[in-house]
Amino acid sequence: MTAQELQEIQRAEDERLMRLALAEASVAASADEVPVGAVIVHNGQVIAAAHNQREQLRDPTAHAEMIAITQAASAVEAWRLEACTLVVTLEPCPMCAGAILQSRIPRVVYGAPDPKAGAVRSLYQLLEDARLNHRVEVVAGVLSEDCGRLLTKFFQQKRLSAKKRGIME
């Protein structure tokens with residue numbers, strides 16, 4: 001198999017996994033949470049699937065990535081997630097990037113960039129910082145339009161709802 005064929009197979013798998021993360025993000029949206037979803041794969045099997053739950057849990061750390069990392073560590077019975085890939089619909093923030101580094105996840109795939117809080121490529125490049133003892137392979141932009149559209153729709157609905165409440169009051 002050629003290198004290009006292997007890349008195409010990996011890209012198709014990344015897209016398949018991103019669709020699972022998008023399904024998690026949709027669950028978040030239906031619960032009035034910011035629609036971010038994440039899955040973690042270990043040796044080809046999904047071992048964690050999560051979505052944002054900050055509102056529901058009243059926990060500022062309840063990002064999809066943080067919950068998925070906790071689930072994955074429990075599944076492999078270790079804090080080192082060295083044989084895992086994290087797939088998430090939105091570029092991780094500094095907190096989540098820190099958790100990715102601490103858990104030694106070697107590969108992260110994300111969909112939409114986050115120009116306001118992204119710590120992978122947009123604002124900071126924590127996962128590939130040569131000063132740190134762990135670096136991560138990053139694949140950016142997988143199904144980014146689908147991921148971004150879900151977030152845009154969610155926030156448009158929030159603004160519309162707020163506007164209607166303002167008019168009705």
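This briefing describes a sheet, the helices around it and a few single residues. The structure is a predicted model. Five strands form an open sheet with mixed pairing, in the order 2-1-3-4-5. Helix 1, residues 3-30, packs on this sheet.

**The sheet**

- Strands of a sheet pair through backbone hydrogen bonds, and the pairing can be parallel or antiparallel.
- In this sheet of five strands, the pairing is mixed.
- The edges are strand 2 (45-51) and strand 5 (137-140), each of which pairs on one side only.
- From one strand to the next, the twist averages 15°.
- Strand 3 (residues 84-90) and strand 4 (residues 107-112) run parallel and are joined by five bridges.
- Leu86 stands opposite Val108, a residue of strand 4.

**Helix 1**

- Helix 1 touches strand 1 (37-42), strand 2, strand 3, strand 4 and strand 5.
- The direction of helix 1 makes about 135° with that of strand 1.
- Asp14 has its place in helix 1. Asp14 counts as buried because its relative accessible area is 2%, and buried means under 20%.
- Leaving out residues up to four places away in sequence, Asp14 touches Arg107, Val109, Val139 and Val142.
- Leu6 also lies in helix 1. Leu6 counts as partly exposed because its relative accessibility is 48%, which falls between the cut-offs of 20% and 50%.
- Together with Met1 and Ile9, Leu6 makes a nonpolar surface patch of about 350 Å².

**Helix 4**

- Helix 4 spans residues 94-102, and its buried residues include Cys96, Ala97, Ala99, Ile100 and Leu101.
- The cover over the buried residues of helix 4 includes helix 3 (64-76), strand 3 and strand 4.
- Arg104 follows helix 4 and has a positive phi, near 65°.

- Is Ala50 buried or exposed? Ala50 is buried, because its relative accessible area is 2% and the cut-off for buried is under 20%.
- Not counting residues up to four places away in sequence, Ala50 touches Glu24, Val36, Gly37, Ala38, Ala64, Ile67, Ala68 and Gln71.
- Ala50 and Met66 are 16 residues apart in sequence, and their C-alpha atoms are 8.7 Å apart in space.

Methods
Residues are numbered from 1 along each chain as its sequence is written. This is a predicted model: local features need pLDDT of at least 70, side-chain atom pairs count only at pLDDT 80 or more; totals for chains, interfaces and linings use all residues. Side-chain values use heavy atoms; hydrogens and water are left out. Two strands pair if DSSP finds at least two bridges between them. Helices (H or I, at least four residues) and strands (E, at least two) are DSSP runs, numbered from the N terminus. Axes are lines fitted to C-alpha atoms, for helices over the stretch in contact, and angles run from 0 to 180 degrees between N-to-C directions. Contact means heavy atoms within 4.5 Å. Buried means under 20% relative accessible area, exposed over 50%, partly exposed in between (1.4 Å probe, protein chains only). Patches are made of residues with over 30% relative accessible area and no salt bridge: like charges are joined within 9 Å, nonpolar side chains (Val, Leu, Ile, Met, Phe, Trp, Tyr) within 5 Å. Accessible areas come from the Shrake-Rupley method with a 1.4 Å probe; for residues, only the protein chains shown count as cover. A salt bridge is a side-chain nitrogen of Lys or Arg within 4 Å of a carboxyl oxygen of Asp or Glu.
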